[in-house]
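I opened a notebook page for this model and went through its sheet, its helices, its core and a few single residues. The entries are kept in the order in which I looked things up.

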Amino acid sequence: MIIPGDTDSAHTELVPATEEQEPILANLLELYAHDFSEFHKLELGANGRFGYNHLPLYWQEPNRYPFLVRVAGQLAGLVLVRGISQTDSCENVWDMAEFFILRGYRKRGIGTNAAHQVWRRFPGLWRVRVMEANRSAHPFWEHSIAVFAGESIPSVRVEKDGTAWHVFSFDSRRVQ
């Protein structure tokens, strides 16, 4: 068994999740929601779970891609990617819908490595949204994107439905 902290980012794998692995993703999303509940109002359902209503769509709709993150074979997180059609262009914009690395695997380059693998797998225009209240996520994304792009990519602050976000936009093809 690999103990979190005893591995490095070189052993990070981004593995497409199958529909049979939906319960694994659902469990990881519960941990993700628990972390998020520290700074964003999330309520438990009557069943004691936060739930993630959009998860089944990752096997039902095109342009949705679920991944498990593994480190030396052990579960370390999840990534949910979706392509969003643009009305003013025929090109999709890729969206990092959800990104979660277990606490024991953080601050080791694993998240950055996983994000870089995603951006290489889906070349094109990208949007990474970070809730302003998620203060630890902004420096992570700022660093990960800058390392990938080879330059600092400033975020733009936007408000939607009363929630402030920082949005990073870049073209991953420029890095290929």
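The entries below start with the ground rules and then turn to the sheet.

**Ground rules.** I am working with a predicted model, in which local features need pLDDT of at least 70 and side-chain atom pairs count only at pLDDT 80 or more, while totals for chains, interfaces and linings use all residues. Residues are numbered from 1 along each chain as its sequence is written, and side-chain values use heavy atoms, with hydrogens and water left out.

**The sheet.** I looked up the strand order and found an open sheet of seven strands, β1-β2-β3-β4-β5-β7-β6, with mixed pairing. Each of β1 (12-16) and β6 (156-160) has a single partner strand and stands at an edge, so one side of each is left without a neighbour in the sheet. Neighbouring strands here are turned by 30 degrees against each other on average, direction ignored. For the terms, strands (E, at least two residues) and helices (H or I, at least four) are DSSP runs numbered from the N terminus, and two strands pair if DSSP finds at least two bridges between them.

**Two pairings.** I checked β4 (residues 92-101) against β5 (residues 125-131) and found them paired in the parallel sense over three bridges, with W94 standing opposite W126 in β5. β6 and β7, by contrast, run antiparallel and are joined by five bridges, and E159 has A164 in β7 as its bridge partner. The two form a hairpin with two residues between them, where D161 in the turn has a positive phi of about 55 degrees.

**Helices over the sheet.** I noted that α2 (residues 110-121) lies across β1, β2 (64-71), β3 (74-85), β4, β5 and β7 (163-171), at about 45 degrees to β1. Helix α3 (residues 137-149) lies across β4, β5 and β7 and runs at about 10 degrees to β7; the axes are lines fitted to C-alpha atoms, for helices over the stretch in contact, and angles run from 0 to 180 degrees between N-to-C directions. The twelve residues of α2 reach 17 Å from first C-alpha to last, close to the 16 Å expected at 1.5 Å a residue (the expected span being 1.5 Å times one less than the number of residues).

**The core.** Which residues touch the most other members of the largest nonpolar core? Of its 45 residues they are M96, W119 and W141, and the largest share of this core, six residues, comes from β4. A nonpolar core is a set of buried Ala, Val, Leu, Ile, Met, Phe, Trp, Tyr and Cys residues joined through side-chain atoms within 4.5 Å. Not counting residues up to four places away in sequence, W141 touches M96, F99, A115, W119, V128, V130 and F168, contact meaning heavy atoms within 4.5 Å.

**Two single residues.** Is D171 buried or exposed? D171, in strand β7, is buried, with a relative accessible area of 17%, where buried means under 20%, exposed over 50% and partly exposed in between (1.4 Å probe, protein chains only). Beyond its neighbours within four places in sequence, D171 is in contact with G124 and L125. Q60 lies in the loop between α1 and β2 and is exposed, with a relative accessible area of 58%. I also noted that Q60 and E19 are 41 residues apart in sequence and 9.7 Å apart in space, C-alpha to C-alpha.
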